[in-house]
Structure formats: structure tokens, C-alpha cells
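This briefing describes a single protein model and is arranged by topic. Please consult the sequence and the structure shown below while reading.

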Amino acid sequence: MKIESTDMNLRITADTSSVFDHQCTEVAVIAAPRAAVYQALFDVWDWPKRLPHVAQIDLQYNDGQYQEFMMTVESDAGHAPLCVRSIRNCRPDIIEFFQPQPPAFLAHHAGVWRLSDGDSDGTRVEVTHVWNLAPEVAAEIYPPGAAGSTEDQVTAVLAGHSRVALQGWQRVFAEQGR
């Protein structure tokens, strides 16, 4: 099979790919210039000093565009900290990521951070998660019921992670502006 590169192929990102069954997006405006927000998102080694839920970053690769790191995050439910491997493609105003070993309830997990002009004093930041469920494990961890379908519960969890990250960055830049 021959694959030809076209301009269309270059514009496909994780959130526009047809390989994922599920998606959620959260948006916030951060009171800082785009360049500063992008740099803060890029500088993963500084996250433990800036974001309270990030306990540790072990940067394994960084060539200025591609990054690979292990991130340890504190659990929001009192469980043991979670260690996540992330691989990113960082380009101006867009950072794509994927987890080659996602949590057990996900077969695949990826996403995109997009930055654009917000209001006059800020940067609009959009975080999109895309994923495919590991159906049996997901249904065991998030059984359908009063909290909603398995899919709805997983969507709520991932959207919640995006909101925590966005609120963390809003707080970081608000504190810098004081």
C-alpha cells in the first residue's frame, strides 16, 4: 500500500482523526499572551512547581518539538498517585499528545491543546481529549447506572481532568499578574 502525503494529511490531528470513537472539549481564557501560555505548557519540567496536582515530571526526551515524559499526578479521590507516560508533538499554538499506555479503561487516549486569541487580555485555550474505550474494563470501573452510561462517566472524568488543568493554568497566570 502506498501512502501519499497531501496538505490534507498534514492538517489531521488527533481530534480530527477518524480512529477515535469518543471526544470531549473544554475551553478557558487565560489572562496572558499566547506566547507565555504556550511556553508554560511546553516547559513540562516546571509543572510540579506550578501545578499542585503534578507531583513529578521525568523528562525522557525533548528536541524542541517532540517530547516524551513520565508524569506523576496526585489522585483526586485519595488513591495512590498515578504515573502517566505522555508523548507530545509541540508546534506553535498546538500541542498534540498521546498515551501509549493509557489507563486500563481506555484502549487508546490522545488529545490536543489549541491556543488562539481570546479577549483583549488573554489567550483562548481549548483542550480536547479523544479515546477508545476498553469496553469490559470501562464497564467494570464505570458501570452504567444512576451516574450515567459508561461512556458518559468516562467523558465526565476526562472533561474534569481538562477543567482542573485549565483552572490550574488560570491560577498560575493570575498569580503572576499580581
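Which residues does Trp113 touch, not counting residues up to four places away in sequence? The model is a predicted one, and in it Trp113 touches Leu41, Asp93, Ile94, Ile95, Phe97, Val125, Glu126, Val127, Ala165, Leu166 and Trp169. Trp113 is also among the members of the largest nonpolar core that touch the most other members. The points below set out the sheet, the helices packed on it, the cores, and selected residues.

**Sheet architecture**

- The sheet is open and is formed by seven strands, in the order S1-S7-S6-S5-S4-S3-S2, with antiparallel pairing.
- Strand S1 (22-30) and strand S2 (54-62) are the edge strands; each has a single partner, so one side of each is left without a neighbour in the sheet.
- From one strand to the next, the twist averages 20°.
- As a general point, strands of a sheet pair through backbone hydrogen bonds, in either a parallel or an antiparallel arrangement.

**Strand pairing around S6**

- Six bridges pair strand S5 (residues 94-99) with strand S6 (residues 106-117) in the antiparallel sense.
- Within this pairing, Ile94 stands opposite Arg114 in S6, and Phe98 has Ala110 in S6 as its bridge partner.

- Helix H2 (residues 34-42) lies across S1, S2, strand S3 (66-73), strand S4 (82-91), S5, S6 and strand S7 (123-133).
- The direction of H2 runs at about 155° to S6.
- Helix H5 (residues 150-176) packs on the sheet and touches S1, S6 and S7.
- The direction of H5 makes about 20° with that of S1.

**Nonpolar cores**

- The largest nonpolar core has 28 residues, of which Val37, Trp47, Trp113, Val125, Trp169 and Phe173 touch the most other members.
- Two or more residues of this core come from each of S1, H2, S2, S3, S5, S6, S7 and H5.
- Apart from it lies another core of ten residues, including Phe105, Ala138, Tyr142 and Ala159.
- In soluble globular proteins, nonpolar side chains tend to be buried together.

**Selected buried residues**

- Glu126, in strand S7, has a relative accessible area of 18% and is therefore buried, the cut-off being under 20%.
- The side chains of Glu126 and Arg124 are joined by a polar contact of 3.1 Å.
- Leaving aside neighbours within four places in sequence, Glu126 is in contact with Thr25, Glu26, Val27, Val112, Trp113 and Arg114.
- Ala40 belongs to helix H2 and is buried, with a relative accessible area of 3%.
- Not counting residues up to four places away in sequence, Ala40 touches Trp47, Arg50, Trp169 and Phe173.
- Ala40 and Pro135 are 95 residues apart in sequence, and their C-alpha atoms are 35 Å apart in space.
- Val84 is located in strand S4 and counts as buried at 10% relative accessibility.
- Val84 is in contact with Phe69, Met70, Met71 and Gln99, leaving aside neighbours within four places in sequence.
- Between the C-alpha atoms of Val84 and Tyr66, which are 18 residues apart along the chain, the separation is 17 Å.

**Cysteines**

- How many disulfides does the model contain? The count comes to zero when a disulfide is taken as a pair of cysteine sulfur atoms within 2.5 Å.
- For Cys24, the closest cysteine sulfur is that of Cys90, at 20 Å, which is too far for a bond.
- For Cys83, the closest cysteine sulfur is also in Cys90, at 19 Å, and this too is too far for a bond.
- Is Cys24 buried or exposed? Cys24 is buried, with a relative accessible area of 7%.
- Cys83 is partly exposed, with a relative accessible area of 44%.

Key
Residues are numbered from 1 along each chain as its sequence is written. This is a predicted model: local features need pLDDT of at least 70, side-chain atom pairs count only at pLDDT 80 or more; totals for chains, interfaces and linings use all residues. Side-chain values use heavy atoms; hydrogens and water are left out. Two strands pair if DSSP finds at least two bridges between them. Helices (H or I, at least four residues) and strands (E, at least two) are DSSP runs, numbered from the N terminus. Axes are lines fitted to C-alpha atoms, for helices over the stretch in contact, and angles run from 0 to 180 degrees between N-to-C directions. Contact means heavy atoms within 4.5 Å. Buried means under 20% relative accessible area, exposed over 50%, partly exposed in between (1.4 Å probe, protein chains only). A nonpolar core is a set of buried Ala, Val, Leu, Ile, Met, Phe, Trp, Tyr and Cys residues joined through side-chain atoms within 4.5 Å. A polar contact is a pair of N or O atoms within 3.5 Å; within protein, one must be able to donate a hydrogen and the other to accept it, and residues adjacent in sequence count only if both atoms are side-chain atoms.
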